[in-house]
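Hi everyone, thanks for coming. Please take a look at the structure on the screen, and then I'll walk you through it.

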Amino acid sequence: MFTLFAHHEVRDFEAWLNAARGHEHDEPSAYVESHVYRTVDGKAAVVTHTFNDLEAAQQFKSMAESAEFIAMVEQMGGKAPFTIWLAEEVDF
């Protein structure tokens with residue numbers, strides 16, 4: 001399993017979350033699960049999407065790093081810079 005992690009600050013977490021929920025159906029359905037986390041101070045969000053294969057994760061990462069996607073997240077209340085990375089799950 002491969003997970004994309006995305007972190008960025010938000011102007012207003014609840015407003016950003018409501019806007020993000022409205023855009024969820026617009027995203028590709030290649031991921032098998034997603035989670036959203038709020039930092040305890042409420043100033044940032046961490047979003048994860050888990051994929052079965054690396055190619056799908058890399059494609060989603062490329063889309064998430066596009067100027068169009070970043071502009072959409074900023075319009076929803078996200079604040080640059082955006083940090084996005086991929087990780088592979090390992091047995092522990």
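Okay, a search of the whole structure turns up three salt bridges, where a salt bridge is a side-chain nitrogen of Lys or Arg within 4 Å of a carboxyl oxygen of Asp or Glu. Before I go through them, some housekeeping: this is a predicted model, so local features need pLDDT of at least 70, side-chain atom pairs count only at pLDDT 80 or more, and totals for chains, interfaces and linings use all residues. Residues are numbered from 1 along each chain as its sequence is written, and side-chain values use heavy atoms, with hydrogens and water left out.

Back to the pairs. E9 bridges to K79, with the closest N and O atoms 3.6 Å apart. That links distant parts of the chain, since E9 is in strand β1 and K79 is in strand β4, 70 residues apart. Helices here (H or I, at least four residues) and strands (E, at least two) are DSSP runs, numbered from the N terminus.

Next, R38 pairs with E14, and their closest N and O atoms are 2.7 Å apart. R38 lies in strand β2 and E14 in helix α1, so this pair ties together parts that are 24 residues apart in sequence. And E65 forms a salt bridge with K61, the closest N and O atoms again being 2.7 Å apart.

So where are the nonpolar residues? A nonpolar core is a set of buried Ala, Val, Leu, Ile, Met, Phe, Trp, Tyr and Cys residues joined through side-chain atoms within 4.5 Å. Buried means under 20% relative accessible area, exposed over 50%, and partly exposed in between (1.4 Å probe, protein chains only). The largest core has 19 residues, and L4, F13, W16, F51 and F60 touch the most other members. The elements giving two or more residues to this core are β1, α1, β3, α2 and α3.

Let's finish on α3. Which residues of α3 are buried? They're F69, V73 and M76. Just after α3, G77 takes a positive phi of about 120°.
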